Amino acid sequence: MEFYIKKEKSFDNMSNTEADEYMHWYVENIDLGIKYLETIVNRTIKWSADYSDESFLMLSKWWLPNIIKEIIPLETVQKTIETQQLPAHIANAILTNREQPSPLITKEMYTIGMYFAKSIIVNLSDFQFEWKILHRSKKNIEYNIPKLCKIDPPSVIALDAQSVVANTTSRMHREQNELGLYSIYIRWKTMFIDDGKSAREEAESKMLYPKKSRAKKLSK
């Protein structure tokens with residue numbers, strides 16, 4: 001099967017409407033992207049996209065040998081970014097250093113980001129998640145980027161899975177750490193869980209110990 005990344009402007013050049021349309025496309029195509037990833041991985045190892053921690057461990061170990069271990073010429077990277085019209089946050093992650101993953105595997109990296117986000121949603125089913133876009137100033141690095149947000153219990157934590165996977169891939173390449181992808185996934189899952197516990201404990205505390213109303217004293 002094949003999977004095509006939607007061509008779009010960089011996020012900082014999108015209007016709010018264009019960013020909303022991109023987010024809608026992204027969410028609608030997550031399952032298709034994961035099927036593509038499963039097909040690619042199964043060319044070399046037997047792997048099931050079942051959203052388990054074990055699947056992430058296998059995926060992480062598979063991913064490192066598939067990152068081309070060479071310094072990519074800057075001109076090649078820039079030309080690929082222009083040709084594929086990569087989102088700005090992914091392009092910036094690729095350009096962070098000269099020891100970077102080949103742009104030829106950007107599609108695999110992209111679908112790993114989709115699997116990352118869907119795994120969080122599936123494994124933390126007690127929480128309610130929602131995709132949101134932070135329409136802030138263009139000077140803000142998060143401008144127009146779709147993020148996975150936990151809304152029940154509410155949280156300030158928001159996951160940009162594409163950037164997380166792109167940055168982790170670069171770090172795995174530099175450090176030759178086959179567990180990098182697995183470790184960052186577990187860390188994000190734990191952050192959402194711990195944040196949810198804190199929010200619920202605070203809510204329960206308010207129910208058990210409601211603030212006393214400050215009634216005005218009647219004058220005698």
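Colleague: Which residues does Glu178 touch, not counting residues up to four places away in sequence?

Modeller: Contact means heavy atoms within 4.5 Å. Glu178 touches Ser60, Lys61, Leu64 and Met172. This is a predicted model: local features need pLDDT of at least 70, side-chain atom pairs count only at pLDDT 80 or more, and totals for chains, interfaces and linings use all residues. Residues are numbered from 1 along each chain as its sequence is written, and side-chain values use heavy atoms, with hydrogens and water left out.

Colleague: Where is Glu178 found?

Modeller: Helices (H or I, at least four residues) and strands (E, at least two) are DSSP runs, numbered from the N terminus. Glu178 lies in the loop between H7 and helix H8 (180-208). Its C-alpha atom is 8.3 Å from that of Pro65, although the two are 113 residues apart along the chain.

Colleague: Is Glu178 buried, partly exposed or exposed?

Modeller: Buried means under 20% relative accessible area, exposed over 50%, partly exposed in between (1.4 Å probe, protein chains only). Glu178 has 37%, so it is partly exposed.

Colleague: And Lys118: buried or exposed?

Modeller: Lys118 is at 19% relative accessibility, so it counts as buried. It sits in helix H6. Beyond neighbours within four places in sequence, Lys118 contacts Ile30, Asp31, Ile34 and Tyr51.

Colleague: How do I read two packed helices?

Modeller: Two packed helices are described by the angle between their axes and the distance between the axes. Axes are lines fitted to C-alpha atoms, for helices over the stretch in contact, and angles run from 0 to 180 degrees between N-to-C directions. H6 (residues 106-123) and H7 (residues 161-175) pack at about 125°, with axes 8 Å apart. H6 and H7 are therefore oblique to each other. Angles under 35 degrees count as roughly parallel, over 145 as roughly antiparallel, 65 to 115 as roughly perpendicular and the rest as oblique.

Colleague: Which residues make the contact of H6 and H7?

Modeller: Among them are Met109, Tyr110 and Phe116 of H6, and Val164, Val165 and Thr169 of H7.

Colleague: How far can I trust the model?

Modeller: pLDDT is the predictor's confidence in each residue, from 0 to 100. The chain averages 80, and 76% of the residues score at least 70. Where pLDDT is low, the predicted coordinates should not be read in detail.
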